[in-house]
Amino acid sequence: MRVHVESYPDGHAADAPKRFWLHGRDIEVIDNIDQWHGPDYRYFKLKGDDGNLYILRLDEAQAEWELIMFQRSMG
């Protein structure tokens with residue numbers, strides 16, 4: 001699922017998500033838990049201000065973001 005992402009400017013973990021929009025909701029990233037590279041993508045495991053976990057994928061060639069995984073907070 002494609003998502004709109006606002007990322008930090010260059011110099012601060014380039015392209016690391018700062019906030020993103022999902023179904024019209026503004027979700028602020030409170031923790032960048034992990035990130036890794038694939039062949040053509042960068043992945044970010046994030047905790048949102050809603051307490052949920054997300055994995056977002058950045059297609060670096062197309063500059064497009066996708067939601068890959070969502071896990072609802074159990075708290």
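F20, Y54 and F70 form one aromatic cluster. The pairing rule: rings of Phe, Tyr and Trp (its six-membered ring) pair if their centres lie within 6.5 Å; planes under 30 degrees apart are stacked, over 60 edge-to-face, the rest tilted.

Some ground rules. This is a predicted model, where local features need pLDDT of at least 70 and side-chain atom pairs count only at pLDDT 80 or more, while totals for chains, interfaces and linings use all residues. Residues are numbered from 1 along each chain as its sequence is written, and side-chain values use heavy atoms, with hydrogens and water left out.

How many aromatic pairs does a search of the whole structure find? The count is 5. Take W36 and Y43: they are stacked, 5.6 Å centre to centre, with 5 degrees between the planes. W36 is partly exposed, at 33% relative accessible area. Y43 is buried, at 18%. Buried means under 20% relative accessible area, exposed over 50%, partly exposed in between (1.4 Å probe, protein chains only).

Next, F44 and W65. Their ring centres are 5.5 Å apart and the planes sit at 45 degrees, so this pair is tilted. F44 lies in strand 4 (residues 41–48) and W65 in strand 6 (residues 64–71), so the pair ties together parts 21 residues apart in sequence. Strands here are DSSP runs (E, at least two residues), numbered from the N terminus. F44 is buried, with 0% relative accessible area. W65 is buried too, at 10%.

Last, a charge over a ring. R57 lies over the face of Y41, 4.0 Å from the ring centre. The criterion: NZ of Lys or CZ of Arg within 6 Å of the ring centre and within 35 degrees of the ring normal.

Terms used. Helix = DSSP H or I, 4+ residues; strand = E, 2+ residues; numbered from the N terminus.
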